[in-house]
Amino acid sequence: MAVAKKKPAAPPAEPAKPKLASSVPELGKERELKAFREMLLIRRFEEKAGQMYGMGLIGGFCHLYIGQEAVVVGMQMAIKEGDQVITGYRDHGHMLACGMDPKGVMAELTGRRNGYSKGKGGSMHMFSVARTFYGGHGIVAAQVSLGTGLAFANRYRKNDNVSLTYFGDGAANQGQVYESFNMAELWKLPVVYIVENNRYAMGTSVSRASAQTDFSKRGASFDIPGEQVDGMDVRAVKAAGERAVKWAREGNGPYILEMMTYRYRGHSMSDPAKYRTREEVEKVRTEHDPIEQVRARMLASKRASEEILKAVDAEIRKIVNEAAEFATHDPEPDPAELWTDITR
Amino acid sequence: MPIPVLMPALSPTMEKGNLAKWVKHQGDKVKSGDIIAEIETDKATMEVEATDEGTLGQILVPEGTADVAVNTPIAVILGEGEDAGALNN
């Protein structure tokens with residue numbers, strides 16, 4: 001099979017480099033403001049979740065998406081109604097981007113009865129078939145074979161939906177990823193594999209854990225095309241997403257997108273992140289922040305005024321505060337619920 | 001309205017911690033994501049980030065204080081247009 005390989009966008013061990021504005025298609029005023037709003041919702045929601053964890057309102061595990069917002073927001077702009085999304089446990093951003101209700105997500109984080117899993121699932125375990133979000137999975141890389149299965153179902157049912165299957169740079173070294181790649185290419189399944197390379201698998205840097213650090217090449221032996229994308233630039237993500245989704249939808253089989261991204265917080269809430277320097281985090285935050293890039297671009301081009309952006313921020317803070325309020329006062333599940341929704 | 005900063009629980013089992021260091025000082029501007037303090041738990045030293053934008057109006061727990069209970073107010077952030085007078089309200 002002839003495979004169009006794209007030139008890597010950035011060296012793998014480095015943070016994504018900003019591209020020249022001319023090399024990335026612009027989103028246009030409305031889309032750009034929409035991207036800003038959706039990324040900001042994820043950012044503020046996650047900050048609030050971190051704060052509520054600190055107050056003891058959220059228990060167990062909690063993995064925040066802060067820093068990676070452009071990946072899921074850009075990809076959502078590249079798909080159509082009916083396409084499916086599945087990911088691992090850094091999943092709150094994916095849920096919000098899929099249009100799930102912030103109140104229901106936050107109430108699940110606090111373990112309350114109006115949460116998406118009735119308060120019984122928590123951070124890692126939420127689904128919304130209505131929003132075609134298939135979880136939320138706690139086992140590293142398990143979602144890769146499930147996402148491939150979604151694509152198999154699409155082929156079997158002869159619909160034209162595409163499965164977006166997200167996983168991290170750590171999960172990319174798991175065996176079932178390659179079994180999935182093999183089947184996906186063999187049967188030309190409509191799946192886009194999105195590797196969110198945030199440079200650290202928990203506390204282990206990519207270069208210490210991976211023999212091949214260019215994840216876009218991980219499908220090479222199966223003839224699966226792949227490309228590296230500046231995952232901090234929502235425009236670049238959308239453009240690459242459209243190429244990949246088109247490829248998969250037209251029956252050419254799977255496609256790999258390696259998103260060069262970065263998380264600002266620790267792996268989970270109790271990770272002090274001593275494996276990297278404060279300067280490294282600060283450099284990405286000041287030079288590559290996905291939200292600030294959009295804000296600066298809109299102000300410079302006068303596509304939006306400071307007042308409009310402030311109003312969006314106020315609106316988002318209100319939504320997030322209402323979600324937090326709801327999740328704090330919603331009752332806990334009835335003890336009788338312990339014996340429901342389980343397989344006996 | 002001034003916003004209290006609470007002593008955070010940085011793991012599910014943490015009940016108290018030491019206020020190791022103030023990275024920001026009284027009167028400093030802060031925005032979401034800025035590291036304002038360092039907290040020592042029984043396991044590690046963790047950074048506390050601001051979640052609101054404004055000025056660090058008052059530090060309520062000085063650095064070096066040991067065994068600060070989770071959810072104790074440790075500082076107050078003043079919003080846009082607020083001055084120290086708002087602290088008395």
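Predicted model: local features only at pLDDT ≥ 70, side-chain atom pairs only at ≥ 80, totals over all residues.
Residues are numbered from 1 along each chain as its sequence is written, chains are lettered from A and ligands numbered from 1 in the order written, and side-chain values use heavy atoms, leaving out hydrogens and water.

**The second largest pocket**

- The second largest pocket holds about 380 Å³ of space. (A pocket is an open set of points on a 1 Å grid over the protein atoms alone, where a 1.4 Å probe fits, with protein on both sides within 12 Å along at least five of seven lines; the volume is the space filled by probe spheres set on the points.)
- Its lining has 23 residues, with A:Tyr89, A:Phe167, A:Gly168, A:Ala171 and A:His267 nearest the centre. (Lining residues have an atom within 4 Å of a point.)
- Sorted by type, the lining has 10 nonpolar, 9 polar and 4 charged residues. (Asp, Glu, Lys and Arg count as charged; Ala, Val, Leu, Ile, Met, Phe, Trp, Tyr, Cys and Pro as nonpolar; the others, Gly among them, as polar.)
- Strand 2 (163-168) and strand 4 (200-201) of chain A each give at least two residues to that lining. (Strands are DSSP runs of E, at least two residues; helices are runs of H or I, at least four; both are numbered from the N terminus.)

**A:Arg43 and A:Asp289**

- You'll find A:Arg43 in helix 1 (residues 29-54) of chain A, while A:Asp289 sits in the loop between helix 9 (278-287) and helix 10 (290-300).
- A:Arg43 is buried at 10% relative accessibility, and A:Asp289 is buried at 5%. (Buried means under 20% relative accessible area, with a 1.4 Å probe and protein chains only.)
- Their side chains make a polar contact at 2.9 Å. (That's a pair of N or O atoms within 3.5 Å; within protein, one must be able to donate a hydrogen and the other to accept it, and residues adjacent in sequence count only if both atoms are side-chain atoms.)
- The A:Asp289 side chain also reaches the backbone nitrogen of A:Ile291 at 3.0 Å.

**Aromatic rings**

- Over all chains there are 8 aromatic pairs. (Rings of Phe, Tyr and Trp, using its six-membered ring, pair if their centres lie within 6.5 Å; planes under 30 degrees apart count as stacked, over 60 as edge-to-face and the rest as tilted.)
- A:Phe181 and A:Phe222 form an edge-to-face pair, 6.2 Å centre to centre with 80° between the planes.
- A:Phe181 lies in helix 6 (residues 175-186) and A:Phe222 in the loop between helix 7 (206-209) and strand 6 (226-230) of chain A, so this pair ties together parts 41 residues apart in sequence.

Note on methods: Buried < 20%, exposed > 50% of the residue type's maximum accessible area, 1.4 Å probe, protein only.
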